[in-house]
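Me: I would like to go through the terms used for this model and see what each one rests on.

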Amino acid sequence: QIERTRRLSLQTQHCGRGNRYKETLSIVSKCETYSHFCIFAGVMERTFVIVKPCSLQRGIAGEIITRFERKGLKIVALKMYRFTKEKCAEHYSHLVDKPFYPIIEKSMMAAPVLLLCLEGIDAVAVVREMTGSTNGRKAAPGTLRGDYCMSHQENVVHASDSLENAAKELSRFFTEEDYFDYDQAVFPYLYAEDEL
Ligand code: ADP
């Protein structure tokens, strides 16, 4: 419960969804078995995905989104965006000093991208697993990079690698108005009761 609470408050801080989640947090600590609230007590996660310029150029952006939908991930935010030099340097701050950074910048600014927030239980790890290794030539078949690309850089998607980074990246690109709160009719068929 402590770990769930920690994760929830981290996402709350970064996603700007304060009120509803603070309320949830206090209810969760009082009533752990009330399933609706337990979903949000850290088990249900939100992660961040960029469908990269190469995917839009190649006309596979829709297929990539379909793969996430088919898996059972819920789209809670989606927008088209064009990277600036500044935003690219911020997003790839861990790589700006690398000799190949100019290639990243050129590639990410070559065309617009699609930005997505996907929601699901363990969404960060699930989406990362679906994404595959960085180099498309080495990525396992069945992963997005394994199935759709041949490159280290032109590797079709970016996906957050931890819950903390997902929260930071979501707040970097989305504001509170970008998120859509809606019930999915298929929800009871995506998860068993004891997973919620
Ligand atoms: P990942 O996207 O798998 O999390 P990294 O965070 O290490 O991988 O790198 C971010 C992005 O930078 C990669 O997706 C890729 O587009 C680019 N990149 C990383 N390493 C290289 C490289 N050696 N040459 C060209 N581009 C690279």
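Reply: A contact means heavy atoms within 4.5 Å. The model is predicted. Of the contacts in the chain with a separation of 6 or more, 74% are accounted for by residues 24 or more positions apart.

Me: Why is valine 186 called partly exposed?

Reply: Buried means under 20% relative accessible area and exposed means over 50%. Valine 186 has 43% relative accessibility, so it counts as partly exposed. Valine 186 lies in the loop between helix H10 (163-173) and helix H11 (187-190).

Me: What makes Val186 part of a nonpolar patch on the surface?

Reply: Patches take residues with over 30% relative accessible area, and nonpolar side chains are joined within 5 Å. Val186 forms the patch with Tyr189 and Leu190, and together they have about 330 Å² of accessible area.

Me: What makes a set of residues a nonpolar core, and which residues have the most contacts inside the largest one?

Reply: The residues must be buried and joined through side-chain atoms within 4.5 Å. The largest nonpolar core has 22 residues, and Val49, Ile64, Phe68, Leu118 and Val156 have the most contacts inside it. Several elements each supply at least two residues of this core, including strand S1 (44-51), helix H5 (61-71) and strand S3 (113-121). The largest share, four residues, comes from H5. Another core, of 18 residues, lies apart from it, with Val76, Tyr101, Ile104 and Phe173 among them.

Me: How much of the chain is buried?

Reply: Buried residues make up 48% of the 196 residues in the chain.

Terms used:
Residues numbered from 1 in each chain as written. Predicted model: local features only at pLDDT ≥ 70, side-chain atom pairs only at ≥ 80, totals over all residues. Heavy atoms only, no water. Patch = residues over 30% accessible without salt bridge, like charges linked within 9 Å, V, L, I, M, F, W, Y side chains within 5 Å. Areas by Shrake-Rupley, 256 points an atom, 1.4 Å probe, with all protein chains shown as cover. Salt bridge = Lys/Arg side-chain N within 4 Å of Asp/Glu carboxyl O. Buried < 20%, exposed > 50% of the residue type's maximum accessible area, 1.4 Å probe, protein only.
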